Each structure stands twice: as structure tokens, then as C-alpha cells.
Amino acid sequence: MKFSEEVKNTLWNLIDKMTLNLSEFIVNPGKDFTRKKKWDFPTLIKFIISMESQSLKNELHKYFGYTQDCPSNPSFNQRRAQIKQEAFKYLFDKFTAQYSKTPTLLNGYRLIACDGSDINIAHNPNDEETYFPKKDAKGFNQLHLNAMYDLRDRIYTDIIIQPARRENEHAAFCEMVDRYDGPDKTIFIVDRGYESYNNLAHVIEKGCFFLFRCKDINSSGILCGSKDKLPQSDEFDTKVSLILTRKWTNEVINHPEIYRRFRNKDSFDFLDLADHAYYNMDLRVLRFPISETDYECVLTNLPAEDFSPAEIKKLYAMRWGIETSFRELKYAVGLTSFHSKKKEYIIQEIWARLLLYNFCEVITANVTIKKCTQKHVYQINYTFAIHICRYFISKMAEKSPPDVEALISKEVLPVRPGRHDPRKVDHKKAVSFLYRVA
């Protein structure tokens, strides 16, 4: 049996096991999914996972082979209302756990990137948790996706979905780190904006390693209070030791070079005024140039004897993998186009898209690229690979399954290092139901 078939069977078997414990995943146990209809539980789950960005009517006809037995839009909406959104999260977690037991390591370390991304959903001014009003224009609604991403295996390992009005990336990061059950030699790599002593402490208490990009020493960031401890040169690699506390004694106030004081409202989960009044933290601070005039600072606890500044710089550059994964997730998998205006159904589809992304990447990682030239190194065309894997799990592929590995290995693109394009930051609205791909 080919590897793609094994992965597909794993996913199908998990759905069958959920069917045996249906009461845990449906809204009304003993009532929902009791009558025999076109939509049984496994068919509904598989259809939602395989949906693309077309209209719901087109999706239904395509999945059921353009037959007269194709279910109607209302029948689908009635059935999906009977499934808890947690069912898709459960399936995502179980499937991902199957293929993250033995992660791909780099020099013995697992690399996990953490970042967030906004997801635009249907306009609904009545949803106070997701709606952002505008003075001179129509407002918009958003959810916020917080993600942990394995940079070597290219799969999402943990997800937290928040209403955008209640977005808290720091709390989400701490929660995901606390429940992380991977190897101790894991490096959490994050972009600027996540740097806080509380986030650093959560990684330290987990027994893992961190690599945080932070604001430069000349700004008002986390390094501002330690500026006197840092070398006066443009580039450096130095260690800084701090004592964190909530106490406001004369000793603490008179020695700001040693202590960092926290107010009661400041987040730090490992301090109190009784049993844990002080918290010692040792940091390695690096500053290196990224252009003739600009410098970058990072915080880490990686040992200097194993990771030189040049290696740290290369390691942080790998974090860009989570940014490209967001692009593929939104535009190749279809996280910008949903088939409902209800937030509960949208969250169902978000989990389904994440599951499909991991499904595709698990298969693609085991495909061998045969094409090779002296001019270019080649990589998989991940956008087309996602289309192949989506067809592979569709109902139409049951009669004549495609050779997934052979098709993916033919669709390759040359790697052209050094190419870059300025990031275009612009607010994008949710894709309307009236303007979908035909």
C-alpha cells in the first residue's frame, strides 16, 4: 500500500471511531443522526474537509458526481447544525498526533514557530466579539488564528481560535506552550511582538528553548531596561542575568540594573509576594546587522557553544516557514472563503482547512523529487499538491484513485534564493457568497 493510501486510511479510521462515540460530537445525543438520510456522520465530515472555495451548490454537485441524488443546500445546513465544532478540533488533534510522534529534528532540536493571523468572516454588526466598526466605511468581522507550526515537518501542531476583539496572542502562546508534549529539545521561534518575560518564563519552565525577535536596544522594548548591561558596540553576543519580582523594597528600587519590578496588573504567572517573591532569569542577547544601517536583536537561551551568532541568524530566518504556510492555508486551501455566515459553522470549516493542510503536507513530505538540473534545485509545487490531495479524498476518487505520489512529484518549481517582494499590508474583506469561482 502506498503511503498516501495509508494516510487516507488513518483519517478515515479516525472518523469511523468518532462515529462509534457519536454522542460526544453531536448537539443532541440520541436524536441527531438517528434517521437514515443522505447525510450520515462520516459523509458530512468528509464533505466539509474536501470543500473548496466555490459556491455550496457547486461543491455539492461536484462531490456527489452531478447526479440527481445530490443533497440540497438546506439539507446540508440542517445536518451540519447537529455537529459540534469541537468534533473537527478533536479530529485535527488526533490526526496530527499520529504524524508528530517522531518529528524531524535539526541538530537534535525540534523547531516550532508561533504566530497569529487574522481571518475575515461575513459581515455581522451584531457580533460584538468579532465586529470592528469604521467611521466612514462599512465595518468588518474577524477571527484570530494562533498557531504552533513545525518548521521541519511543515504541519500545524496546535491551534487556538479567538474572536478578534478578544485577541490575546500572549495568553494563547502561554497556553499552547503549557500543553506542549513534544521533546524537551524544542526551540520556540517567534517574531517581534511576543517578547515578554512571562512568555519566556513559560518556555523555561517547560524545559525547552526559545528564540524571540525583539525591538532594538534604542527603542522602548524589553531590552530598554537592560541597556546599561549591554556592550556599547553595534554587534554583540552577551549574557544578561535578571531577578524578576513584584516587591517594591528599597533593595529592589535602588538596584534597577539587577531587578525587574512587576506591578500587580502585569502578567507574570510565576511570581507572588509569599512563596515565590523572586524569579531568576538568564538571557542571551544578540544584535547583528540586517542591512548597512539596520540591526536586529534576538533573545534566546540556546547555548553559545552549540549555536554561534551566524547559526542563530539562520535559525531565525527559518521562521518564515510559518508565514508561507499562512499564505498556502488561506489561498490554496481556501481559508478566505467559507460557506456560511454563522460563526459556529465558520469555525467548523477553519478546523477542516487546517486538517486538510496537515493531510496534504504529511503526504507531500514523503514524495521524492526526481527532477534535477545544474541550474536549479527544485521543490514541490505545494499549491498544486493541495489540489491533488483534495481530489484524492473526494467521493469521485473512490472508483479510480489517482497515483498521488506520481502526480505530486511531477509538479515542481525551481528554488530561487534571494528573491523577495515587499509585504503588502492591506485589509481584505471576507469573500462574498455572490462572487465565488464558477
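What follows is a walk through the labels, term by term.

Guide: This is a predicted model; local features need pLDDT of at least 70, side-chain atom pairs count only at pLDDT 80 or more, and totals for chains, interfaces and linings use all residues. Residues are numbered from 1 along each chain as its sequence is written, and side-chain values use heavy atoms, with hydrogens and water left out.

Visitor: How many helices and strands are in the protein?

Guide: The protein has 13 helices and twelve strands. Both are DSSP runs, numbered from the N terminus: helices are H or I with at least four residues, strands are E with at least two.

Visitor: How do you know that the size agrees with a compact globule?

Guide: The rule is 2.2 Å times the number of residues to the power 0.38, and the radius of gyration is taken over C-alpha atoms. For 438 residues a compact globule would have a radius near 22 Å; the protein has 24 Å, so the two agree. Along its principal axes, the C-alpha trace spans about 80 × 60 × 50 Å.

Visitor: What share of the protein's residues is buried?

Guide: Buried residues are 50% of the 438. Buried means under 20% relative accessible area, exposed means over 50%, and partly exposed lies in between (1.4 Å probe, protein chains only).

Visitor: What makes helix α2 mostly covered?

Guide: Helix α2 spans residues 41–50, and ten of its ten residues are buried. Among them are Phe-41, Leu-44, Lys-46 and Phe-47. The buried residues of α2 pack against α1 (3–20), α3 (56–63), α4 (73–80), α5, α11 and α12 (382–392).

Visitor: Why is the link between Lys-343 and Glu-129 called a salt bridge?

Guide: The term needs a side-chain nitrogen of Lys or Arg within 4 Å of a carboxyl oxygen of Asp or Glu. In Lys-343 and Glu-129 the closest N and O atoms are 3.1 Å apart, so the pair meets the cut-off. Lys-343 lies in helix α11 (residues 343–364) and Glu-129 in the loop between β1 (110–121) and β2 (131–132), so the pair ties together parts 214 residues apart in sequence. Glu-129 has 23% relative accessibility and counts as partly exposed.

Visitor: How many salt bridges does the structure hold?

Guide: The structure holds 22 salt bridges. One of them joins Arg-179 and Glu-175, with N to O at 3.0 Å. Arg-179 has a relative accessible area of 37%, so it is partly exposed. Glu-175, at 41%, is also partly exposed.

Visitor: Are Glu-323 and Arg-319 buried or exposed, and what joins them?

Guide: Glu-323 has 12% relative accessibility, so it counts as buried. Arg-319 has 4% and is buried. Their side chains meet in a salt bridge, 3.2 Å from N to O.

Visitor: What does Leu-151 touch?

Guide: Contact means heavy atoms within 4.5 Å. Leaving aside residues up to four places away in sequence, Leu-151 touches Leu-111, Ala-113, Ile-189, Met-318, Arg-319, Gly-321 and Ile-322. The C-alpha atoms of Leu-151 and Ile-322 are separated by 7.1 Å, though the residues are 171 apart along the chain. Leu-151 is found in the loop between β3 and β4. Its relative accessible area is 11%, so Leu-151 is buried.

Visitor: Why is Glu-128 called exposed?

Guide: Glu-128 has a relative accessible area of 70%, so it is exposed. This residue lies in the loop between β1 and β2. The C-alpha atoms of Glu-128 and Ser-400 are separated by 48 Å.
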